[in-house]
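Biologist: I am new to this structure. Could you show it to me and take some questions?

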Amino acid sequence: MHNADTPPGQIVWAGRALTAATEPVRSNYALYVQEGRIADAGAYHELTARYPAAPQVGGAHLLLMPGLVNSHDHGRGLSGVALGVPDDLLEIWLLGLATLPTLDPRLLAQLEGVLLLRSGVTATAHSHNPATWANLPAECEPTLAGYRDAGIRVAFHPPYVDQNSLIYTGQAEFLASLPPSLRPIAESWMQPPPLSREDYFTLCTQLYNRFHDPLHHTVQIQISPAGGPWCSDELMLAARDWAVPRRTRVQIHLLETRYQALYARRRWGSSFVAHLDSLGLLGPWLTLAHMVWSDPDDVERLRAAKTAVAHNPSSNLRLRSGVAPIAAYLAAGLPLGIGMDGYTLDDDQDYLRELRLAWTLANRPGASSPTVPASAILQMGLAGGAAVTFGPEVPLGHLHPGALADLVLLDWRAVEGIWAAPNANPLDLLLRRASRTHVLHVRAAGRGGVRYGHATTLDETALKNNLHDLL
């Protein structure tokens, strides 16, 4: 029975329960949720006997699992293709983002939060893309408010760059090669951001002091030198020195394309990871997004430093970057997560489909290639992804007593389809067949998020109509 001094809780149960990616699926399992935490767990009949007055949500036809964690994204909410920016090589595509319309950042974060919740995602990493660099300070607070309105956890890291904004090397030679009529245009793209480095760190400090939530983990303020070629060594060292004493994280885009790997070789005569290692810039506080073009020797450096990687399979395919060597990262025991990068194959922010793609790509051709099991990919979307995104001390990604009560209930009967053999692996079924259409109920950040497939915190239809009218 619950303590009379604490508010009553709720029983959440299902005919099947995935309590953690590394544990067997349980039958007729229940949780007792109280004040945003899992207070008790066990067989359904045991919990109903212990808490007979508790209201219940669940059913025998459902699968109960932890909330999914989206380890790298930009929170755009809207399709770049629909807004006139076609898929292309990353370096070309990035320039096209400057043509996107300026919209209310709170509305975009609200829509992004709702889309993620309906996909079973209860926590996300947000690398903010401002309309312009001058707009960055004004857009941060409304973006955080939008995620709060939706009721989803966010690791928020505003980005910054201080070099190579148009091309990676040979700026002077490049300008000299252009016709005189084009040089002013190229020079305008090469200008540093109007926000100074000092102002950027002041902004991050202000956000940290106002919004960072180490108790309930609704918001983490992190820092992001946006990407290896675009950030000086001095900027990345300063980011480390800002984050480590505050016990928060740094997230950097790294080795997303082959051209970034070539840039490192030409500039330092080594891999990008080796260069960061020589500066003391690898560590357990760091997450590297993408990591498609790493060298074999880099894996040991990352393992030794306990540096994390956020894998983005759809984005890496759509922007023609390649396929990250996830099997090698798993074999080395690197901390790994999966992020949608706002650029899924179907343009729909469906995290369960992203897990399916990650699993398919991880199993490479050839009999000598290692087999990556479904459990390894699920770990990247659950507790592993939580550690990569928020830190290993944050109790997300599993359904053990004491954990934060971020929960998902899926229509398991629909996932199984006509029939599932007794020896069918439920994790294989989950990764091969489930999608956002199977997500019925979601509880995130201590609040309701989705009920019977519809968001409970915001009116999704009204949001979309509002954005349509603005566009």
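Biologist: Which residue forms a salt bridge with Asp 88?

Modeller: First, the ground rules. This is a predicted model, where local features need pLDDT of at least 70, side-chain atom pairs count only at pLDDT 80 or more, and totals for chains, interfaces and linings use all residues. Residues are numbered from 1 along each chain as its sequence is written, and side-chain values use heavy atoms, with hydrogens and water left out. A salt bridge needs a side-chain nitrogen of Lys or Arg within 4 Å of a carboxyl oxygen of Asp or Glu; here the closest N and O atoms are 3.6 Å apart, and the partner of Asp 88 is Arg 320.

Biologist: How many residues apart in sequence are the parts that this pair ties together?

Modeller: Asp 88 sits in the loop between strand 5 (68–70) and helix 2 (90–96). Arg 320 sits in the loop between helix 12 (313–318) and helix 13 (326–332). Helices (H or I, at least four residues) and strands (E, at least two) are DSSP runs, numbered from the N terminus. So the pair ties together parts separated in sequence by 232 residues.

Biologist: Is Arg 320 buried or exposed?

Modeller: Buried means under 20% relative accessible area, exposed over 50%, and partly exposed in between (1.4 Å probe, protein chains only). Asp 88, at 24%, is partly exposed. Arg 320 has 56% relative accessibility, so it counts as exposed.

Biologist: Which helix holds Asp 149, the salt-bridge partner of Arg 106?

Modeller: Their side chains meet at 2.7 Å, N to O. Arg 106 lies in helix 3 (residues 105–118), so the pair ties together parts 43 residues apart in sequence. Asp 149 is buried at 17%, while Arg 106 is partly exposed at 34%. Asp 149 belongs to helix 4 (residues 136–150).

Biologist: What separates Lys 464 and Glu 460 along their helix?

Modeller: These two side chains form a salt bridge, 2.9 Å from N to O. Lys 464 is partly exposed at 40%, and Glu 460 is buried at 12%. Both belong to helix 19 (residues 460–470), four residues apart, so the separation is about one helical turn.

Biologist: How many salt bridges does the structure hold?

Modeller: Some residues are linked in a network: Asp 87, Arg 318 and Asp 347. For the whole structure, the count is 16.

Biologist: Where is Ala 39?

Modeller: Ala 39 is partly exposed, at 41% relative accessibility. Its C-alpha atom is 33 Å from that of Arg 106. The place of Ala 39 is strand 3 (residues 37–43).
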